[in-house]
Amino acid sequence: MSSTSSTNLKDLILNGIVKENTIFKLALSLCPSIAVTNSLKNGIYMGIAVLFVQVMVNLTISLMRNIIHPKVRLPIFMLVISGWVTVTQLMMAAFVPDVYAKVGLYIALIVAFASILARAEMFASKNSIIPSMADGLGMGIGFLFALTTISFFRELVGKGSLTVPTGLSTQHVFTFINTKPLLIMILPAGGFLAVGILMALFNWINARYAAKSAHASH
Amino acid sequence: MEAKKEQLIVSVSPHIKSDETTSRIMWTVSLALMPAMLSGLYFFGPKALFITLLCIVSSIGFEQLYMKIVDKKSPVGDGSAFLTGLLLGMNMPSSLWSFSPFTAHVPVVASFVAIVITKQLFGGLGFNVFNPALIGRAFALISWPKAMTVWNEPTAAFLAMDAKTSATPLGVLKEEGIAKLLEIFGDKVSLYQHLLTGNRAGSIGETSAIALLIGGIFLLAKRYISWHIPVSFLGTAALMAWIFGGKGALFTGDPIVHLISGGMMLGAWFMATDYVTSPTIKKGQLLFGAGCGFLTMLIRLKGGFPEGVMFAILIMNCLSPLIDRSFRSKVFGVVSQSKPKEAK
């Protein structure tokens with residue numbers, strides 16, 4: 001994993017999406033995956049915010065890695081993360097105020113995400129800029145992917161509709177069923193159910209895929 | 001398989017002394033439910049039968065399907081899926097069998113949740129944390145709050161109103177108080193009569209307190225369940241109802257109305273006593289039952305729902321491993337109470 005050769009950038013990105021998917025594999029940052037995923041739009045915006053913070057934090061830490069004293073690295077990491085989260089927060093409040101009103105609290109919580117601090121500590125502080133950014137990109141995309149899947153599933157099953165962002169402050173609601181088919185799925189209890197079911201599905205598909213490719217290579 | 005066996009040995013229930021099998025217990029419990037089921041059919045007609053059959057068939061079907069998918073041997077013969085379906089059906093309002101607002105899918109989805117999510121995904125019979133039938137019903141109630149609370153009046157109604165649907169006695173009690181309830185049913189004796197025989201609106205299998213009591217006493221006599229959970233459940237609930245149930249002053253409530261209405265009897269005799277999800281130590285069972293009774297009355301008197309048996313049992317279900325463990329260590333420390341200990 002600590003390999004910095006530029007040939008396996010693709011592996012670095014894929015690692016965050018599949019092998020170490022923050023939510024489905026590491027089961028980290030589950031709070032937003034339940035709290036903000038009751039509509040597709042919120043899930044996507046939250047995922048994008050995390051993606052942005054992850055990449056920028058990894059970039060910054062990687063740039064500063066030689067001047068950070070190891071003894072005070074964690075406070076420094078936290079400062080950097082908080083800085084980028086504040087940037088994200090202000091940007092979202094300015095450009096997508098309606099989304100910010102709903103997910104704002106959780107945007108601030110990105111500061112405490114285990115996944116972001118973990119990548120800064122384990123990867124960005126030891127690697128150069130390009131691999132660090134690739135790693136952040138992979139992790140962020142993995143998170144975005146997980147949040148999108150969960151919120152897609154929950155909104156579709158819970159409301160019978162999908163709210164798709166078509167621009168910064170525009171959206172389109174696709175309605176499939178006019179009544180609420182499974183109300184529980186957009187309630188908090190349904191969030192746990194959805195995350196559990198999708199996590200199981202993700203790992204099951206992964207296991208089958210791994211078994212197949214192992215079989216093919218023999 | 002081994003763990004299942006072990007669980008039966010660890011349990012202090014008397015059935016271990018004979019050659020009882022899981023399937024025999026399941027079928028006997030189902031048999032004990034029959035009086036209540038028949039009374040449900042009598043009062044709510046063929047709709048009740050359809051709903052219950054739908055639950056049973058889909059429970060067994062989902063179990064078979066899951067077993068096929070994961071490539072395990074099908075345990076349909078042990079009757080646990082049948083029992084889950086039966087209990088689930090008895091916890092549904094008969095009005096679900098309706099097609100103009102289509103609600104007949106509710107029992108099927110509830111069965112899926114009960115069997116696949118609550119039971120099989122946790123490892124199958126013996127490993128489920130929660131009572132499958134209750135989770136199925138809770139899921140349905142939260143997902144379709146409207147459809148799940150349309151109560152048909154019993155067809156042999158002595159009630160004054162001629163409407164097809166009505167509130168349950170507990171609903172009336174919650175919204176309008178005991179005076180309104182007495183006004184509907186005449187006087188106290190008539191109210192008790194209606195509640196005891198099951199001639200009232202409610203879920204299919206929960207209405208007849210006498211029929212449920214017969215089944216419960218049958219299980220007690222066969223020593224399939226012990227008295228600890230039902231008695232502490234009902235006792236605590238009665239005490240709470242007596243103390244806090246009245247309007248205004250303390251100690252003016254009517255415990256009998258609370259005991260024989262709602263799902264209290266069904267819950268206390270058949271749901272809370274589920275082997276898998278209740279404590280195995282007797283003292284723990286007393287605490288478990290008391291907790292169920294307390295929470296039920298708390299929800300009934302102070303909560304948003306008119307009925308709280310289901311949520312109370314589910315909450316206590318997740319506490320039961322904890323109860324088991326805390327009582328186990330206590331038993332070790334004090335006087336020699338060797339009976340339940342040697343198996344582990």
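In what pattern do the elements of chain A follow one another, read along the sequence? Chain A runs α-α-α-α-α-α-α-β-β-α. The model is predicted: local features need pLDDT of at least 70, side-chain atom pairs count only at pLDDT 80 or more, and totals for chains, interfaces and linings use all residues. Residues are numbered from 1 along each chain as its sequence is written, while chains are lettered from A and ligands numbered from 1 in the order in which they are written.

**Chain A: overall build**

- Chain A has eight helices and two strands. Helices (H or I, at least four residues) and strands (E, at least two) are DSSP runs, numbered from the N terminus.
- A compact globule of 218 residues would have a radius of gyration near 17 Å, and the 18 Å of chain A agrees with this. The radius is taken over C-alpha atoms, and the globule rule is 2.2 Å times the number of residues to the power 0.38.
- Along the principal axes, the C-alpha atoms of chain A fill a box of roughly 55 × 55 × 30 Å.
- Of the 218 residues in chain A, 42% are buried. Buried means that 20 or more other C-beta atoms lie within 10 Å of the residue's own; exposed means 12 or fewer, and partly exposed is in between, with C-beta atoms placed from the backbone.
- Among contacts in chain A with a separation of 6 or more, 76% link residues 24 or more positions apart. Two residues are in contact if their C-beta atoms, placed from the backbone, lie within 7 Å.

**Chain A: the strand pair**

- Strand 1 (residues 161–165) and strand 2 of chain A run antiparallel, joined by five bridges. Strands pair if DSSP finds at least two bridges between them.
- Pro165(A) stands opposite Gln171(A) of strand 2.
- Strand 2 (residues 171–175) of chain A lies largely in the open, because the number buried among its five residues is zero.

**Chain B: overall build**

- Chain B has 14 helices and zero strands.
- Buried residues account for 49% of the 344 residues in chain B.
- In chain B, 72% of the contacts with a separation of 6 or more are between residues 24 or more positions apart.

**Chain B: two domains**

- Chain B is divided into domain 1 (16–149) and domain 2 (225–329). The bounds come from an automatic or database domain assignment.
- The domain centres, taken over C-alpha atoms, are 22 Å apart.
- Domain 1 of chain B gives 15 residues to the contact, and domain 2 gives 12 residues.
- On the domain 1 side, helix 2 (22–69), helix 3 (80–90) and helix 5 (132–143) of chain B each supply at least two residues.
- Helix 5 of chain B gives the largest share of that side, with four residues.
- That side of domain 1 has 10 nonpolar, four polar and one charged residues. Ala, Val, Leu, Ile, Met, Phe, Trp, Tyr, Cys and Pro count as nonpolar, Asp, Glu, Lys and Arg as charged, and the others, Gly among them, as polar.

- Gly177(B) follows helix 6 of chain B, and its phi is positive, near 95°.
- Ser190(B) lies in helix 8 of chain B. Ser190(B) is partly exposed, with 13 other C-beta atoms within 10 Å.
- From C-alpha to C-alpha, Ser190(B) and Phe50(B) are 30 Å apart in space, and 140 residues apart in sequence.
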